[in-house]
Amino acid sequence: MSPAELTVWRTMLRAQAKISRRLQADLLADHDLALGSYDVLLHLGEAVDGRLRMNDLADRVLLSRSGLTRLVDRLQRDGLVCRESCSSDARGLFAVLTASGRTRLTEATPTYQRGVREYVLSRLDEHDLRVFGAILNRLAAG
């Protein structure tokens with residue numbers, strides 16, 4: 001790896017960590033909601049009937065199955081999600097967004113979107129946004 005390549009790699013890691021920390025701080029301060037919890041609520045909120053199989057949800061939020069289980073346990077204790085059995089697979093479980101979870105998601109979304117705009121999107125012009133999107137799509141596809 002060349003010094004220039006290493007610099008790009010490290011800069012990408014630093015940028016991602018810095019942006020995530022800022023979003024986390026905003027969500028915690030304004031809504032007492034961690035970024036990972038917001039991500040789970042967001043994916044459930046976008047799903048049909050506010051429900052996803054636990055395995056599918058883990059893949060979407062980029063957590064291990066055990067990591068998601070612990071997170072959903074906390075969200076369930078807070079009344080933001082519940083678990084339901086899968087009628088077609090006795091071993092399968094759904095995570096389901098509750099009414100309280102949908103309310104918290106609705107309240108937190110403007111804070112999240114404001115942070116994404118402030119920390120990322122406002123720093124890119126239209127050309128940068130297209131190029132950045134294309135680069136990220138290439139990286140995500142590999």
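What is the volume of the largest pocket?

1. The largest pocket has a volume of about 1400 Å³. Among its 33 lining residues, Gln16, Ile19, Ser20, Phe132 and Leu136 are the closest to the centre. A pocket here is an open set of points on a 1 Å grid over the protein atoms alone, where a 1.4 Å probe fits, with protein on both sides within 12 Å along at least five of seven lines; lining residues have an atom within 4 Å of a point.

2. The model is predicted: local features need pLDDT of at least 70, side-chain atom pairs count only at pLDDT 80 or more, and totals for chains, interfaces and linings use all residues. Residues are numbered from 1 along each chain, and side-chain values use heavy atoms, without hydrogens and water.

3. α1 supplies the largest share of the pocket lining, 13 residues. Helices are DSSP runs (H or I, at least four residues) numbered from the N terminus.

4. Met1, Trp9, Met12, Leu13, Val131, Phe132, Ile135, Leu136 and Leu139 make up a nonpolar surface patch with about 860 Å² of accessible area together. Patch members have over 30% relative accessible area and no salt bridge, nonpolar side chains being joined within 5 Å. A salt bridge puts a side-chain nitrogen of Lys or Arg within 4 Å of a carboxyl oxygen of Asp or Glu. Areas are Shrake-Rupley values with a 1.4 Å probe. α6 (126-141) gives the most to this patch, five residues.

5. Ile135 lies in helix α6. Its relative accessible area is 35%, so Ile135 counts as partly exposed (between buried, under 20%, and exposed, over 50%).

Terms used:
Patch = residues over 30% accessible without salt bridge, like charges linked within 9 Å, V, L, I, M, F, W, Y side chains within 5 Å. Helix = DSSP H or I, 4+ residues; strand = E, 2+ residues; numbered from the N terminus. Buried < 20%, exposed > 50% of the residue type's maximum accessible area, 1.4 Å probe, protein only. Points joined across faces, edges and corners; volume = space filled by probe spheres on them.
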